[in-house]
Amino acid sequence: MEVISNLIHGFQLAITPQALVACLLGVIIGTITGVLPGLGPTGAMALLLPLSFGMDPALGIIMLAGIYYGSMYGGSTTAILVNMPGETASVVTCIDGYQMAKKGRGGAAMAVAAIGSFVAGTLGIVGLMLFAPKLALFAVKFGPVEFFALAVLGLILLSNVTGKSMLKTMLMVFLGIMLSTIGIDPQEGVERLTFGILNLQQGIEFTIVAMGFFGISEVLRVVGGPCEKSSVPNVRFRDLYPNKEEIKRSINPMLRGGVIGFIIGLLPGPVNFISSLVSYRMEKRLSKHPEEFGKGAVEGVAGPESANNSAAAGAMVPLLALGLPFTAATAILVSGFLVHGVAVGPLLIRQHADLFWTVIASMYIGNVMLLIFNLPLVGVFASVLKIPPKILMPIIMLITIAGAYSINNSIFDLWLLLIFAVIGYFAEKADFDGAPLVVGLVLGKTLETGLRGGLVLVQGDIWQFFKRPISGTMLYIAILLIVYSVVRFIYAKNKKVNTNTVET
Amino acid sequence: MQEIYFTGFILLVSIIYTFNALTLRIGNTHAPGPGFLPLGIGLGAIIMALIVLVNSILEMKKERINEGANQKQDITEPFNAKRVILFVLGVAVYIAIMETAGFLIASFCLMFYLFRVMGIGGWAKQIIYALLSSGIAYIIFALWLNVPFPQGFLR
């Protein structure tokens, strides 16, 4: 009952004209971001973060959250129409969505994607609403040792699920933690690892790193490519109706995608992409027509598109309940909270109940807005693709620079932005993922505070970390994951050597 | 090859970082100092970077042998390195002159330069686009959001 009364109170605050405008702005920008290939939700949220500075805390967070889940809607449009995913979560949608479009069912595929996103997105918010307060209540008991163990487990899990090489991911995590230690030591007030640069005393702002890694480096990648505009087919409103058979075949994948997406969303890593992939594989396995997958099966659109939306809601749970962002996009949301003086952590829901429930209520409203706007305006959103990258890229560059400057009003930050953009550009070329670096940078502080505070607490007896029930469980799981990864790595190497020997 | 260069870069950064971490008070497990985590993380990064580096070199050698045997075709996508370098240089100059020239003038120059690099229309079109984009950015960030950009000559 308490949940319902809190939610009603949240709705009362979320239906004010200002909150509705912030929500609408967020979901529209999110949808456009999703449509534009290259500019992902993380980059867009980083870009728009300065816009939220002048807003009321709740309005700023509502807008940023809207961008996050709105981008999951938009990503499917280009995946279906031009076989080009707007963001990574929609890569899987290309497989059957584009095939449906080739058969003249592109409009129906987009409608199924939008409805699935709505259904699963709403399921995800229900999960978030019920789960986050309980987890936060539990996490209040956490001390520095438990937070250290949680950060370790999160980072180990992250390196296991990114899909890239585990070693490379771990290396990027280490690099992120290294960056987090630059500046004044919070416990002793000693300047460390600043190399005599005065501006580094305040540490490295992770938003700047994210903007460089995901925003500017993406601009450089597009600029270095052919820069041709896409030819987008026109979609008429009457084409948007799925037929009875398509609706019937989509219902279960949508519900399954909603559940799977939410569970995967709780884990660290690129949860939106992983959830859509897992959902696709599951639907193919459960389908009565597995042979249709890859040739335009509607389940191949309904499941993954539902899963990635639900995962966006799931990813908010560790952020709102524990104050730990496990994905790059939710890490940006931390900035959104912090600039408004709202500390993220287990006490957030208790101390800022109004803010929490307003954001939750706005997510319900945002999902309805997305459904209403996405169906009739799908053609309009797709037309964003018609703006030539030659014009768009310089403009994105200027907006990013202006946004980065506005965070601390610092020219030095712009140099950092450029440096991290160049590093991000080469990292992508070398097949290194930028997300683990950003997550490492954010969790690095929790890790260090937990480790040092924890060691003092247990008087240097490191085994106490393993003996305490919560931290011990998490650390043993982390060790098991490391052992599993090492065994898998050695097994894969041996298999490769054996295959090569047989071939020669 | 890019993988090797990039890992080599991270290795170099990790070594410099670890040497600097050694200058800090490390402490012990009873009272960890400011250098406690940096030293551990730095050493971990060096070991990790070395493993990735060795792994990449071995992979590359194998690939070269296989390529020699199979005579694979080059399937890399068209790439305009000149444009990327010109973009980075343009932004670097922009940041360097922003304090003196001010946000508005520097942004106009940057946008005009970037549109030129991208080869959009003639001079007139590039000037109009640069004026519009820098002007709108100024209105949004400086006038609407009150971001105190450097004024430069316009002070």
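## Interface between chains A and B

In this predicted model, chain A contributes 64 residues to the contact with chain B, and chain B contributes 66 residues. The size of an interface is often given as the accessible area lost when the parts come together. Between chain A and chain B, about 5800 Å² is buried, and carbon and sulfur atoms supply 79% of that area. On the chain A side, the residues that lose the most area to chain B are Leu171(A), Met178(A) and Leu398(A), which together account for 11% of what that side buries.

Charged side chains also take part: two salt bridges are counted between chain A and chain B. A salt bridge joins the side chains of Lys168(A) and Glu3(B), with an N to O distance of 3.1 Å.

## Helix packing in chain A

Two packed helices are described by the angle between their axes and the distance between the axes. In chain A, helix α5 (residues 91-102) packs with helix α11 (residues 271-286) at an angle of about 40°, and their axes are 8 Å apart. Because of this angle, α5(A) is oblique to α11(A).

From α5(A), the residues in contact are Val91(A), Val92(A), Ile95(A) and Asp96(A); they meet Phe273(A), Ser276(A), Leu277(A) and Tyr280(A) of α11(A). Sorted by class, this contact of α5(A) with α11(A) comprises six nonpolar residues, one polar residue and one charged residue.

## Domains of chain B

For chain B, the domain assignment gives domain 1 as residues 2-70 and domain 2 as residues 81-154. A distance of 38 Å separates the C-alpha centres of domain 1 and domain 2 of chain B. Glu3(B), the salt-bridge partner of Lys168(A), falls within the 2-70 range of domain 1 of chain B.

Methods: Residues numbered from 1 in each chain as written. Chains lettered and ligands numbered in written order. Predicted model: local features only at pLDDT ≥ 70, side-chain atom pairs only at ≥ 80, totals over all residues. Heavy atoms only, no water. Axes fitted to C-alpha atoms, helices over the stretch in contact; angles between N-to-C directions. Helix = DSSP H or I, 4+ residues; strand = E, 2+ residues; numbered from the N terminus. Parallel < 35°, antiparallel > 145°, perpendicular 65-115°, else oblique. Contact = heavy atoms within 4.5 Å. Nonpolar A, V, L, I, M, F, W, Y, C, P; charged D, E, K, R; others polar. Domains from an automatic or database assignment. Buried area = accessible area lost by both parts, 1.4 Å probe. Salt bridge = Lys/Arg side-chain N within 4 Å of Asp/Glu carboxyl O.
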